[in-house]
Amino acid sequence: MVISTELLGIRNSIAENMENKAKKSGKVKYPNPKFFRAKDNMDWKKQGENLLEVGKICVDIFKDSDQKAFWKKQLDRTIDDLKRVKLEIKQGIEMTPEERKDVFLNGEKTLGKLYRKGDMATVRREWKGLADTAYDFWEWCRMWGMLIGTFGKDLVPALNTTFHYRWMISYMCCVGFMDKNTFGQKGTALKMSHLMIYDVFRYVAENLVFLAKCDEKNGNSKELNKKVVLFDEMTMGQIMAGFPDLLGIPYQLMPVFLVSEIDQLTCIPYIDAVESFGLPADTCPVPSSECGALVIDALPHMGSCFISSSMPCDGSVMASEYMSRRFPNLPVYHLTFPVRYEYEETTADAVEDIKGCIKFVEEITGAKWSWDAYFKQMKRFNEETNYELQKWEVNKTDYPQILGPCYELFRKWNYEMDGGADPRVIPTFKKTTELMMKAYERREEAWVGKMKYRGIVWSCPAHYYANFSNWLANCWGVDILVEMESLNFTKMLETEDKEEALMDLARLYERMVMRRHTNGGYHNVVNELWKQVEDWRADIIIMYQNVACKNMSTLQGILDDQAREKNYHMIWIEHDLMDPRTVSRKNMRQKVNEYMTTVMKATPVDPTLVDFDDEICM
Amino acid sequence: MKACKLIKKTVGALAAVYAGLFAVYYFDLDGKLLYYVVEPFMIKRFDNMKRRDPLSVPYDQIDKEYM
C-alpha cells in the first residue's frame with residue numbers, strides 16, 4: 001500500500017510538472033487532468049460488503065438458474081447461426097461472379113437478416129465491403145481502447161459504480177449503439193459518423209469517471225466535489241466557460257437521458273417507481289425518469305451546487321423540485337428565462353438571471369468568473385458554429401453528405417453540452433468538413449443507392465431510441481437532412497464587449513435545444529416548420545408525436561390542416577420517448593410503412609427491414 | 001537468424017491477435033457477452049439491492065440531511 005501510494009505521488013508530481021510546462025506553452029489539456037487525480041475517499045468497508053453481495057449473487061445465479069435451459073438456448077442460437085452461415089454460403093454460391101465481387105467490395109444489400117427475434121445483440125456485424133469493414137473494425141478497436149483507457153484513469157470507483165447503478169451497465173453496450181447508428185453507411189459518410197460519435201463517447205466516458213469519483217457511495221472525492229457544479233441536463237453548459245477551474249456536469253444526462261438513447265429499456269424501472277408513487281402515466285418520460293431515478297436512489301450524491309432551469313418546459317421544473325427535496329443540503333439556483341424570447345426587451349431580464357447565477361457559483365465555490373476564459377471558449381464555439389453552417393449549406397444542395405444519427409447527436413451535444421469547452425473537438429470539425437467537401441465534389445451518397453426522398457424531422461424526436469432516421473434511409477430511402485433540434489441559435493456570440501456578451505449568452509440559452517421551437521408559441525414551431533421545409537426542399541416531414549407532450553399536442557390539428565393545404569407529405573409517428581411499452585418501435589415503423597405503401601405507392605429499398613422484431617433490443 | 005525468427009514470431013502473434021479481435025468484432029461477440037451474460041447477472045444484482053425507502057423516512061428528518 002505504501003509503495004503504491006509513493007508511486008502514485010511520483011506519477012502525480014511528474015504529471016503536474018508536465019502540465020505546468022504545457023500551460024506555459026499555451027497547450028492546456030482538457031478536461032483538467034487534476035480532476036482525474038483528485039483523491040478518492042472510498043468507504044472500503046461498504047465496498048467490501050458490496051463485493052461480497054455481488055459474489056453471493058453469482059453463486060445464487062449459478063444455483064438458481066436452469067442450466068439445462070441456458071445451454072439449450074445457447075445451442076439453439078448456435079444452430080440458428082450455423083443455418084444462417086449455410087444460407088449465406090448458398091446465396092454466395094448462387095450469385096454471379098460480378099455480384100459476389102460487388103458484395104465483397106461494396107458490402108451486403110439487405111440488413112434485416114442481422115436481427116433475430118428475442119435477441120438483444122445482432123447476429124453478426126454488417127459486412128460493409130472490404131475497405132469499409134476494415135475501417136469499421138479499426139474504429140471498433142479505437143472505441144474500446146478509448147473506453148478502457150478512460151475508465152482506467154480511476155478504475156476502482158468506476159467499477160464500484162457499475163455494481164451500484166443499473167444505468168452504468170447499459171453504457172457497456174455503447175459500441176452496439178455505435179453500430180446501429182452507422183448501419184448501412186459506407187465510405188466518407190461512415191468515416192464522418194465515426195469521427196463525430198467518438199467525441200461524444202469520449203465526453204460521456206470522462207464524465208462517467210467523474211460521476212464515479214464524486215459519488216458519495218463510490219469514489220467520494222471531497223476535493224473534486226468542491227469543484228463540481230451540477231446543472232440540469234436540459235440546461236446548456238456555456239455558463240461554465242467563465243469558470244475554467246470548475247467542472248460543470250449535466251447531472252441527469254448520463255444516468256437518465258443519454259443512456260436511454262443507447263438502451264431504451266433502461267429507464268423503465270425509474271418510470272415505474274415514480275408512477276407507483278402517484279405520478280400520472282401521461283407525464284413526459286424524461287422528467288418522469290429523472291424523478292423515478294431519485295425515488296429509487298439511482299442518481300449519484302455529489303457536487304457543490306445545482307443549477308436548475310425552467311427549460312425546455314415545466315417538466316424540468318418538476319424534476320428540479322424532486323432533486324432539491326432529495327438532496328436538501330445541495331444549494332440550488334433556478335434559471336428561469338422569459339419564454340417569449342423573441343421580444344428583445346425581455347433579454348435584459350435574462351441577463352440579470354445569468355448575473356445572479358454567476359454570483360451564486362462564485363459564492364458557493366469560491367471561484368471567480370474569468371472573462372478571458374469565457375471569451376476564449378466562445379471564440380471556439382463561434383468557430384464550431386461556422387463549421388456547422390457549412391454542413392447545412394451542403395445538406396441543402398441536391399447532394400447532401402453529412403447525415404444520420406451520429407451527426408444529429410454530435411450537433412445536439414456540441415451545441416448544448418460542450419459549447420466550445422473541449423479544444424479536441426475543433427480538429428474533428430475540421431476533418432469532417434474536409435471529408436464532407438471532398439465527398440460533395442465526388443457527389444457521394446451517405447447510403448449508397450438508397451437516397452430517394454429528402455426528409456426533415458420535427459417535434460420531440462424519438463429517432464435515437466428507434467434508430468429511426470437510419471432505418472428510414474436503409475428501408476425506404478428517406479434521408480433526414482436536418483432535425484428540429486439542430487436548428488438553433490447560429491448568431492456569432494460577442495467576444496469583446498462584456499455586457500453584450502451576457503445579452504448573447506441569454507439569447508443562446510433562451511434558444512436551447514427543443515425550447516426554441518416547442519416553447520414560445522405557434523410562430524416558433526408551426527410557421528418555422530414551413531419555412532424550414534422550403535429552405536431544405538424536403539419531400540417528407542417526419543412528425544414525431546410525443547404522446548405525453550402537452551405543448552405539442554395543442555398544435556396537432558393546426559399542423560395537420562396546414563400541411564394538407566400546402567400539400568406536404570407529413571407522417572405522424574406516435575411515441576413515448578424512453579418508454580417503448582406505450583408505443584413500440586415496431587409500431588412506429590409501421591406508421592411509415594403504411595404511409596409509404598398507401599400514399600406514396602413506394603417500394604422499399606431494403607424489404608428485409610420493413611418488418612422485423614426488435615421488441616427487446618436496445 | 002534469431003532476428004528473423006523473432007520477427008516471424010512477432011508477425012505471427014500480431015496476426016493471431018488481429019484474427020481473434022476481428023472474429024470478436026464480426027460475430028458481435030462483445031455484444032453477445034454483454035447482453036447474454038453480463039447484463040442478466042447485473043440486473044439480478046440491481047433488483048436485489050437494498051434501496052432507501054422514501055416512505056419510511058420520518059417527517060422530522062426531511063430537509064435536515066441526506067438520507
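1. Strand S5 (residues 453-458) of chain A is joined to S6(A) by five bridges, and the two strands run parallel. Helices (H or I, at least four residues) and strands (E, at least two) are DSSP runs numbered from the N terminus, and two strands pair if DSSP finds at least two bridges between them. Opposite A:Val457 stands A:Glu483 in S6(A), and opposite A:Gly455 stands A:Ile480 of S6(A).

2. The model is predicted: local features need pLDDT of at least 70 and side-chain atom pairs count only at pLDDT 80 or more, while totals for chains, interfaces and linings use all residues. Residues are numbered from 1 along each chain as its sequence is written, with chains lettered from A and ligands numbered from 1 in the order in which they are written.

3. The open sheet in chain A has four strands in the order S6-S5-S7-S8, with parallel pairing. Its edge strands, each pairing on one side only, are S6 (478-483) and S8 (569-575) of chain A. On average, neighbouring strands are turned by 30 degrees against each other, direction ignored.

4. Is S6(A) enclosed or open to the outside? S6(A) is largely enclosed by the rest of the structure, because six of its six residues are buried. A residue is buried if 20 or more other C-beta atoms lie within 10 Å of its own, exposed if 12 or fewer, and partly exposed in between, with C-beta atoms placed from the backbone. The chain passes from S5(A) through H20(A) to S6(A) in a right-handed β-α-β crossover; right-handed here means that, with the strands pointing away from the viewer, the path from the first strand over the helix to the second runs clockwise.

5. Helix H23 (residues 522-536) of chain A lies across S5, S6 and strand S7 (540-546) of chain A, at about 155 degrees to S5(A). Angles run from 0 to 180 degrees between N-to-C directions, and axes are lines fitted to C-alpha atoms, for helices over the stretch in contact.

6. The axes of H20(A) and helix H26 (residues 585-598) of chain A come within 12 Å and cross at roughly 35 degrees. This crossing of H20(A) and H26(A) is right-handed, a term used if the near helix is turned clockwise from the far one by less than a right angle, anticlockwise being left-handed. A:Phe468, A:Trp471, A:Leu472 and A:Trp476 in H20(A) meet A:Met588, A:Arg589, A:Val592 and A:Met596 in H26(A). Two residues are in contact if their C-beta atoms, placed from the backbone, lie within 7 Å.

7. Helix H12 (residues 253-262) of chain A is mostly covered, with nine of its 10 residues buried. Among the buried residues of H12(A) are A:Leu253, A:Met254 and A:Glu261. The buried residues of H12(A) pack against several elements of chain A, including H8, H9 and helix H10 (187-214).

8. A:Phe104 lies in helix H5 (residues 97-106) of chain A. A:Phe104 counts as partly exposed because it has 15 C-beta neighbours inside 10 Å. From C-alpha to C-alpha, A:Phe104 and A:Lys452 are 25 Å apart in space and 348 residues apart in sequence.

9. Between the chains, 25 residues of chain A are in contact with 25 residues of chain B. Elements giving two or more residues to the chain A side include helix H3 (44-64) and helix H6 (130-151) of chain A.
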